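Me: I would like to learn how to read some features of a model. Please take them one at a time.

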Amino acid sequence: MPSEPSRLMRHAVGIVRRLAGGTDAGAESGTAAARRQEQLAALLTVSQAVTSSLDLATILRTIAEQVRQVIHVNECTVFLIEGDELAPVAMDVESYAEQVIACRLKLGEGITGAVAVSGRGEIVNDARRDPRAVQVPGTPEEDSALLCVPLCEREQPIGVITLVRMGSNGFAPEDLEVATLFAAQCSAAIAHARAYEDARAAYVELHETQAQLLQSAKLNALGEMAGGVAHDFNNILAAILGRTQLLLQTSDDPELRRQLEVIEQAALDGAQAVRRVQEFTRVRQDERFETVNMDVILASVVELTRPLWEAETKRRGVRVAVEVRPGATLPVAGNPGELREVFTNLLLNAVDALPEGGVVTIDSADRDGLVEVRVSDTGVGMDPDTCRRVFDPFFTTKTIKGTGLGLSVAWGIVSRHHGTIDVESEPGCGTTFVLRFPSGSTIASGAPASAHAPLPGREVLVVDDEEAVLHVMADMLLMLGQSVRTAPGGREAVEAIAHRMPDVVFSDLGMPEMNGWELAQAVAARAPHVPVVLVTGWGVQIDADTARRRGVERVLPKPFSVEDVERVLRELPTRGARQAA
Ligand code: ADP
Ligand code: MG
C-alpha cells in the first residue's frame, strides 16, 4: 500500500528545508546559519539514538536526555497518554524530579494537556501569565517559558514532550520547528517499540501455552498407560490380600500368622504404591472435597515432618530451618490428606536439596482471589533441563532413595484441585515452587453409618471373570455371615437372577461379553430395589454420581480388605429403602 506521508512528516520536511537554508530561509547572518547547522547535526545524532532501540523505556529515556543537545532547556519531560490522563514517563530535570514524576495531568489540563488534545505544538514564553498553566505541586513559582510538542501515532496524539526554560529567556519559533521535527522521529520510534513489545508478549504467551500443553499431553499419556498397569495390579493384589486376610481369620498358629501378616503388609504396601501411580493420572474422582484452611494444612505438614528435617539433619551434622509465614485467609475446596501429601513432598525435596543445611520458607497469601503458596529453599537448585522434567513420573536425580514420583503425584493432586504448580530455580541459587489454588468452599457431608450395629444377613450374588478374585470375595462374604452365589460372567449372572433374585449383586466391571455397567442395567430393569456394587481395579476413577445414574449403588476399589467389604455392606440400603428413595 503506497503510504501518504503524514501531515506531521510533510511539515517536518518543510522545516528541514528551511533549517538547511533552502527556499524560504531568506538572507541570514553567518552565525545564525552556523547555529542551525549545529542544531541539525545534533538532531540527526539524537534521532539515530532514539530510532536505534526497540525498547520503549530506553527510547523515552534517550528522548528526555538528548533533547538538550538540540534545544537548550532546563527541563525536558515526556508524557504519554494513559486513559484520560497524561503520565510523566521520562524526564531530564535539574531539580524537583520527584515532584514532576508525581504530577499527573488530565487531558486538557495545563498547557501540556491542551497540546495533547489539540495535537498542535505551542510556545508559551510567559507561562505565569497563561491562564491554562498549572503549577507542579511542591515547586516554587518562577518565571519560565514552555515549549510543548505532541507525539502522534497515525495522526492521533499519544503524548507530549514538554520543554521548560527558567527565567525570561523565551523560545524562538525555530525552536518549535526543531522540536516538532524531533517529535516526529520520536513518535515513529515509540510506535515501533510498542508494536515490537506487543509481538514479543504474544510470542512469550504462545510459547508458554505450548509448553503447558506439551507437559499435560505427556503426563496424560503416561497416566493412561500407568492406569492400565495399575488396574491389572489391583486384581492381583485383591487376590493376594483377600486370601491372606481369610487365612489369618482361620489360623491360630503364631508362626504362620506372622508370615501371613508379612504377606498382608506387602500387599497393602503394593496397593499403596499403585494408588500413588493412579494419583498423577488426574482421573481419580472418588474423593470428597471439604473446606480447607491452607495455613492449617501447612502448619500440620511442618509439625508432622519435623522429625525428618530436624533430627535427621542434626544427625548429618547440618542445620535446616523451616520457616512458615502464613497469610492466606481464603478457603480452598480440597482434600486435606492429599494437600498434606503435596506439601510434604515439596518440603522433603527441599530438605534433600540442602546437603549443607539452609532455610526452607513456606509463604502463603491471598492473591487475586487465589490462594498462593510458595515453598522456597536455599539449596542446590536445578538447571533448566532438570526444571523441565521434575513433574515427569519416575524422573529423579537421587540415586538411592528417589522414586521420582513425589512431584508427579503433587502435580496430579494440584490439577485435581483445579490449581497450578510451577517451579523457578537456578543452579546454586535455590528453588521455589509456586502453587495457586482457586478459593472455594463445600458443604460438609453427612455422618458415616454406625459401625457397631450387627450386619444384616443377605444373599449376595458375586460376579467376576477372574476366578481368584471371585472366590476371595465369596469367602470374605461368607465370613461376614452372608449367603453367597457366584457367577463367572455377566450372562451367567443374568441367568442366576432369572432363577432367583439375590438381595445384593457384587460385580466386576471389565468382563467379556457383558460388562458390569450392562449387568447393572439388567438388574435395574428386573429388580430396581436390588443394589449393585461395582468391584473394580479402576475404582478410584469412577465418581459416585455417575455410578448412581448408571444403576450402581456403590463402587468398591480393588484390592479390598475384609473391612472394606464390611463397610460397603453396612452402607447399603436395606430392602425397600431404595424404592422409597
Ligand atoms: P524424588 O524426590 O523421588 O527424586 P520428585 O518427583 O519428588 O522425586 O523430584 C524429582 C526431582 O526433582 C528430584 O530428583 C530433584 O532432582 C528435583 N527436585 C525436586 N525438588 C527440588 C528442590 N527443591 N531443589 C532441587 N531439586 C529438586
Ligand atoms: Mg521427592
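Me: Which residues line the largest cavity?

Reply: Rolling a probe the size of a water molecule over the atoms shows where empty space is left. Here Val462, Val463, Asp464, Val469, Leu470, Met473, Phe506, Ser507, Asp508 and Val535 line the largest cavity. A cavity is a set of points, on a 1 Å grid over the protein atoms alone, where a 1.4 Å probe fits but cannot get out; lining residues have an atom within 4 Å of a point. This is a predicted model, in which local features need pLDDT of at least 70 and side-chain atom pairs count only at pLDDT 80 or more, while totals for chains, interfaces and linings use all residues. Residues are numbered from 1 along each chain as its sequence is written, and side-chain values use heavy atoms, without hydrogens and water.

Me: What volume does the largest cavity have, and which elements each supply at least two residues of its lining?

Reply: The volume is about 40 Å³, taken as the space filled by probe spheres set on the grid points. Strand 14 (459-463), helix 12 (467-479) and strand 16 (504-508) each supply at least two lining residues. Helices (H or I, at least four residues) and strands (E, at least two) are DSSP runs, numbered from the N terminus.

Me: How many aromatic pairs are there?

Reply: A pair of aromatic rings is described by the distance of the centres and the angle of the planes. Rings of Phe, Tyr and Trp (its six-membered ring) pair if their centres lie within 6.5 Å; planes under 30 degrees apart are stacked, over 60 edge-to-face, and the rest tilted. The count is one aromatic pair: Phe391 and Phe433, edge-to-face, with 6.3 Å centre to centre and 80° between the planes. Phe391 is in the loop between helix 10 (384-389) and helix 11 (406-416), and Phe433 is in strand 13 (residues 431-438), 42 residues apart. Both are buried (under 20% relative accessible area; exposed is over 50%, partly exposed in between; 1.4 Å probe, protein chains only).

Me: Which residues have a positive phi without being glycine?

Reply: Most residues other than glycine have a negative phi, and most peptide bonds are trans. Glu155 has a phi near 70°, and His418 has one of about 60°. Glu155 lies in the loop between strand 5 (144-153) and strand 6 (156-166). Because its relative accessibility is 43%, Glu155 counts as partly exposed; His418, at 65%, counts as exposed.

Me: Where is the cis peptide bond?

Reply: The cis bond joins Lys558 and Pro559, with omega about -5°. Pro559 lies in the loop between strand 18 (554-557) and helix 16 (562-571).

Definitions and conventions
Chains lettered and ligands numbered in written order. 1 Å grid on protein atoms, 1.4 Å probe; cavity = no way out; pocket = protein on both sides within 12 Å on 5 of 7 lines; lining within 4 Å.
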